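Visitor: I would like to learn how to read the packing and pairing features of a structure. Please take me through them one at a time.

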Amino acid sequence: KRLAKEARFQETQAKNAALGKKVKDTPAARGKGRGEASFFRVTCKDNGRGMPHEDIPNMFGRVLSGTKYGLRQTRGKFGLGAKMALIWSKMSTGLPIDIKSSMKGQDYITFCRLDIDIHKNVPHIHLHEKRENNDHWHGAEIQVIIEGNWTTHRSRILHYMRQMAVITPYAQFLFRFLSDAAEKNLTIKFTRRTDVMPPVPLLTKHHPSAVDLLLIKRLITDTTKPNLLQFLQHEFVNISKAHADRLIGEMGPDFSAKTTVNSLTSQQLVRIHQLFRQAKFDDPSGNCLSPAGEYNLRLGIIKELHPDLVATHASSPQVFEGHPFIVEAGVSIGGKDVKQ
């Protein structure tokens, strides 16, 4: 609509100029009382474990290349956050992002400047080098230049930071906004209130009722176990030797404990998959999850919201189609900065 309006205006101007009439000034683009979009340098820095030098280009410049999608919960899901920031930067300014990282005990800092080739889904590396690490710093720092609108979105950004502070009371973080006009500068510190970290999730094997045909094929390709009995016992959780024997018996006359997994036909794989869907298995344990925990959830709510009343609850591990999950919830009433 805006472009069409501008085009019509320019046509009118051209006609008026041809007829010798007075030419108006171009109308200013009017927003609905919103702040102007401008450019921001956003830097995010942590003191975590850092990233390996060789892996950084792929970790940032290739979408869905992460190895995180195993059978354990990670705090992020697919490592998409930083990639989305990179793609946003590419779309709004076309500028690459800068990444610094060092791992514990490393005597160098990796510096990498890159953007992403969106069509080929590969990193486009401008610079990838090792620099001195005299301070023995470890962690990661990402710097991105984006177009944005602080005036309009300020409250949402601060609200998001506060929500983060509620669910991570074991972390301290600092948010700083620096402007050309000193009176607009802003610094907010979210303090750390606990040393209790969420449990480290353990890597677990697949639950039989959570697998599909493609996954069964992949497990057969990757397994070191030669026969069906050992394959069922070692590649899945909650299948004991006796249980595996019983399952093979239910599969039909074409199957035996000594059937080599590489010789299974497509029809036989479908039968195994059907049986996994029909059979009853014990629920998997929740040790592949990393719940925040009621203690942390309650602490985070009290720390940030100072409510009059707070209630928290964490369910025991439940299972949906073989995937374990835990529901954690907190409700608070009253507190600071709360609208009626």
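Guide: Start with burial. Buried means under 20% relative accessible area, exposed means over 50%, and partly exposed lies in between (1.4 Å probe, protein chains only). Asp 195 has a relative accessibility of 65%, so Asp 195 counts as exposed. Arg 192 is partly exposed, with a relative accessible area of 43%.

Visitor: What kind of model is this, and how are residues numbered?

Guide: This is a predicted model, where local features need pLDDT of at least 70, side-chain atom pairs count only at pLDDT 80 or more, and totals for chains, interfaces and linings use all residues. Numbering runs from 1 along each chain as its sequence is written, and side-chain values use heavy atoms, with hydrogens and water left out.

Visitor: How many salt bridges does a search of the whole structure find?

Guide: A salt bridge is a side-chain nitrogen of Lys or Arg within 4 Å of a carboxyl oxygen of Asp or Glu. The search finds 8. One of them joins Arg 192 and Asp 195, at 3.4 Å from N to O. Another joins Arg 113 and Asp 98, with the closest N and O atoms 2.8 Å apart. That pair links distant parts of the chain: Arg 113 sits in strand β3 (residues 108–117) and Asp 98 in strand β2 (residues 97–102), 15 residues apart. Helices (H or I, at least four residues) and strands (E, at least two) are DSSP runs, numbered from the N terminus.

Visitor: Is Asp 98 buried or exposed?

Guide: Asp 98 counts as buried, at 17% relative accessibility. Arg 113 is partly exposed, at 31%. Now take Glu 304 and Lys 303. Their salt bridge has its closest N and O atoms 2.8 Å apart, and both residues are buried.

Visitor: How do I read aromatic pairs?

Guide: A pair of aromatic rings is described by the distance of the centres and the angle of the planes. Rings of Phe, Tyr and Trp (its six-membered ring) pair if their centres lie within 6.5 Å; planes under 30 degrees apart count as stacked, over 60 as edge-to-face and the rest as tilted. There are 7 aromatic pairs here. Phe 40 and Phe 177 have ring centres 6.2 Å apart and planes at 45°, so this pair is tilted. Phe 40 is in strand β1 (residues 38–46) and Phe 177 in strand β6 (residues 173–177), so the pair ties together parts 137 residues apart in sequence. Trp 150 and Phe 175 have centres 6.1 Å apart and planes at 20°, so they are stacked. Trp 150 belongs to helix α4 and Phe 175 to strand β6. Ring pairs link Phe 40, Trp 150, Phe 175 and Phe 177 into a cluster.

Visitor: Which residues touch the most other members of the largest nonpolar core?

Guide: In soluble globular proteins, nonpolar side chains tend to be buried together. A nonpolar core is a set of buried Ala, Val, Leu, Ile, Met, Phe, Trp, Tyr and Cys residues joined through side-chain atoms within 4.5 Å. The largest has 24 residues, and Leu 228, Leu 232, Ile 272 and Phe 276 touch the most other members. Elements giving two or more residues to this core are α5 (213–222), α6 (228–235), α7 (241–251) and α8 (266–278). A second, separate core has 13 residues, including Ile 99, Leu 114, Val 144 and Ile 146.
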